[in-house]
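Dear colleague,

Please find the structure we spoke about just below, with the sequence alongside. My notes on what was found in it follow after that.

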Amino acid sequence: MNTTTQPDVTALSFEQAVEELERIVSALERGDVALDKSIEICERGEALKKHCETLLKAAEDRIEKIRLDRAGRPQGVEPLDAEQ
C-alpha cells in the first residue's frame with residue numbers, strides 16, 4: 001500500500017474512504033507490513049477515520065423527519081434525532 005500516491009483523504013467519498021480503511025486494517029492484521037510502513041498507514045487510517053466521521057456527521061445533519069399534527073397531516077420538519 002503506497003500512501004505517497006494515494007489521493008488526499010478529503011477528496012474521497014465515504015465509500016472510498018471505508019474501502020481504503022478496510023485494506024489498511026487487513027494489512028495490519030496480517031502483520032506482513034514493516035514497522036515504518038505500519039506507522040505510515042496507521043496515520044493514513046486515522047485521517048480516513050476522521051474523514052468518515054465528518055461525512056457521517058454532515059449526512060446526519062441533513063436528515064430530517066416530517067412532523068405530523070394530531071390529525072396525521074404534515075406540519076413541518078425537524079432534525080431526525082430531536083427530542084419530542
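**Salt bridges and what surrounds them**

D69 and R73 are joined through their side chains by a salt bridge, with 3.3 Å from N to O, where a salt bridge is a side-chain nitrogen of Lys or Arg within 4 Å of a carboxyl oxygen of Asp or Glu. D69 is partly exposed at a relative accessible area of 24%, whereas R73 is exposed at 52%; buried means under 20% relative accessible area, exposed over 50%, and partly exposed in between, with a 1.4 Å probe and protein chains only.

Before going further, please keep in mind that this is a predicted model, in which local features need pLDDT of at least 70 and side-chain atom pairs count only at pLDDT 80 or more, while totals for chains, interfaces and linings use all residues. Residues are numbered from 1 along each chain as its sequence is written, and side-chain values use heavy atoms, with hydrogens and water left out.

The chain has two helices and two strands, arranged along the sequence as α-α-β-β; helices (H or I, at least four residues) and strands (E, at least two) are DSSP runs, numbered from the N terminus. Of its 84 residues, 18% count as buried.

By the rule given above, there are five salt bridges. One of them pairs R44 with E20, with the closest N and O atoms 2.4 Å apart. Because R44 belongs to helix α2 and E20 to helix α1, this pair ties together parts that are 24 residues apart in sequence. Both partners are buried, R44 at a relative accessible area of 11% and E20 at 2%. Leaving out residues up to four places away in sequence, E20 touches Q6, L12, R44 and L48, a contact being heavy atoms within 4.5 Å. Another salt bridge joins the side chains of K37 and E40, at 3.5 Å from N to O; these two residues lie three apart in helix α2, about one turn of the helix. K37 is partly exposed at 23% relative accessibility, and E40 is partly exposed at 29%.

In soluble globular proteins, nonpolar side chains tend to be buried together. Here the largest nonpolar core has eight residues, namely V9, L12, A17, I24, A27, I41, L48 and C52; such a core is a set of buried Ala, Val, Leu, Ile, Met, Phe, Trp, Tyr and Cys residues joined through side-chain atoms within 4.5 Å. Helices α1 and α2 (35-62) each supply at least two residues of the core.

H51, in helix α2, is buried at a relative accessible area of 10%. A polar atom of the H51 side chain lies 2.8 Å from the backbone oxygen of L12. Beyond four places in sequence, H51 also touches V9, T10, L12 and A17. V9, counted in the same way, is in contact with R44, A47, L48 and H51.

T10 lies in the segment before α1 (14-30) and is exposed, with a relative accessible area of 59%. The C-alpha atoms of T10 and L48 are 8.3 Å apart, although 38 residues separate them along the chain.

With best wishes

Technical notes
A polar contact is a pair of N or O atoms within 3.5 Å; within protein, one must be able to donate a hydrogen and the other to accept it, and residues adjacent in sequence count only if both atoms are side-chain atoms.
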